[in-house]
Amino acid sequence: MMDYKSSGVNIEEGYRSVEKIKGYAKKTLSPLVLNGLGSFAGMMELPEGYRKPVLVSGTDGVGTKLRIALDLKKYDTVGIDCVAMCVNDILCHGAKPLFFLDYIACGKLDADVSSELVKGIAEGCIQGAMSLIGGETAEMPGFYEEGDYDMAGFAVGVCEKDQIITGETIESGDVLIGLPSSGFHSNGFSLLRKVFPDFQEIIHEERIGDLLLTPTRIYTSIVMKALAHFEIKGMAHITGGGFIENLPRITQKEHLRLNVYKDSYSLPDIYDVLASRGVDRESFYKTFNTGIGYVFCVSYAFKESFLEFLKAEGEEPVLLGYVDEGDEELCFR
C-alpha cells in the first residue's frame with residue numbers, strides 16, 4: 001500500500017507546523033483583520049479615511065542568504081529579511097503597510113524549522129507594522145533536497161491616489177538624503193558566499209556567519225513619520241544593483257541626473273576585507289547597498305530641517321547628493 005507519506009510528504013508534520021505558526025501570526029494581527037489562519041484566504045478591511053485608496057503590492061524572497069541560515073542552523077532571522085525586502089519596496093511609493101503573506105517550500109518539512117522561519121517573518125511584520133494574515137508551506141520531495149528551504153513573501157499597503165510618490169515632482173536642485181543600512185541586507189550573497197566560504201571565520205572579532213545574517217533593516221517607522229511631516233518627492237530602497245540600479249528609479253523623468261558624493265560617508269569596514277580578497281571596488285556600487293539602505297529626495301529648501309528631523313528621531317542621515325540636469329542617470333562625484 002502506498003500513501004502520501006510514503007512519497008515523502010508528511011501531512012501530520014504539516015499540521016504540527018501550522019499549530020506552531022499560529023501563535024506567531026496572532027501577535028501581528030490588527031483590528032482590521034477579519035479572520036485568522038486556517039481559512040482559504042486572508043481578509044483585511046481597508047482603513048477608514050481614504051477617499052480614493054490604491055493598493056500597493058510587492059513581492060520578493062531572501063535569496064541565497066538563506067543558504068547561510070540553513071548551514072548554520074539559525075532559522076529565526078531570515079524571515080525578517082523576507083518581510084523587509086517586500087515592505088521597503090512598497091514604502092517607496094508612500095504606501096502604508098497593511099498585510100503580508102509568506103510562502104515556504106522545502107524538501108522535507110520539519111515543523112520546528114518552519115515555525116522558526118515564520119517566527120522571523122512575524123517579527124518582520126511587527127517591525128514593518130503589517131499583519132501576517134496567511135501563507136503557504138509546500139513540502140516538495142524530489143524537487144528540493146532534504147534540509148533545504150526556500151522562502152518568498154508578498155506585501156500589500158495602501159495609499160491615497162493623489163498622494164502616490166512617483167518622482168514626478170523631482171527637479172534640478174533637489175537633494176538626496178540617505179539612511180544607514182544594517183549590513184548587507186539580502187543582496188549580493190552569491191558573491192559573499194564565494195568570498196567567505198567559511199562561515200565560522202572570525203573577522204573584526206565577529207563570526208562572519210553572524211555578521212552576514214544580520215537582518216535587513218525595515219524602514220516603515222521612519223518613512224511613515226517623514227511622510228507625515230515633510231513633502232517627500234521620491235524614495236529609493238537600495239537593494240540588488242546598489243546605487244547604480246536603484247537610485248535612478250526614484251524618478252522616470254528624462255534629462256535629470258542623480259549625483260552621489262562618494263566621500264559623503266565612509267564605507268563599512270567589511271568592504272576593506274572584500275577589496276583585499278579581490279572584489280573590485282567599482283562593483284560595490286552595483287552589487288551591494290554599501291552602507292546606505294534607503295534614500296529620500298526632498299527640496300533643497302527642506303534640507304536642513306529634514307536632516308534635523310531625522311537626527312531627532314535617532315537616525316544618522318547622510319547628505320548623499322543632489323539632482324541636476326544631464327543625460328546620465330547617475331553620476332558619482
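I looked up Cys125 to begin with, and at 0% relative accessibility it counts as buried (under 20% relative accessible area; exposed is over 50%, partly exposed is in between, with a 1.4 Å probe and protein chains only). A note on what I am looking at: this is a predicted model, where local features need pLDDT of at least 70, side-chain atom pairs count only at pLDDT 80 or more, and totals for chains, interfaces and linings use all residues. Residues are numbered from 1 along each chain as its sequence is written, and side-chain values use heavy atoms, leaving out hydrogens and water.

Next, disulfides. I took a pair of cysteine sulfur atoms within 2.5 Å as one, and the count came to zero. Cys125 is in none, as the nearest cysteine sulfur, in Cys82, is 9.0 Å away.

Then I went to helix α2, residues 65-72 (helices are DSSP runs of H or I, at least four residues; strands are E, at least two; both are numbered from the N terminus). Six of its eight residues are buried, including Leu66, Ile68 and Leu70. Among the elements covering them are α3 (78-91) and β4 (149-160). Just after α2, Lys73 has a positive phi of about 55 degrees.

Most residues other than glycine have a negative phi. I found Thr290 with a positive phi of about 55 degrees; Thr290 is buried at 0%. His255 has a phi near 70 degrees, but His255 is exposed at 53%.

Key
Contact means heavy atoms within 4.5 Å.
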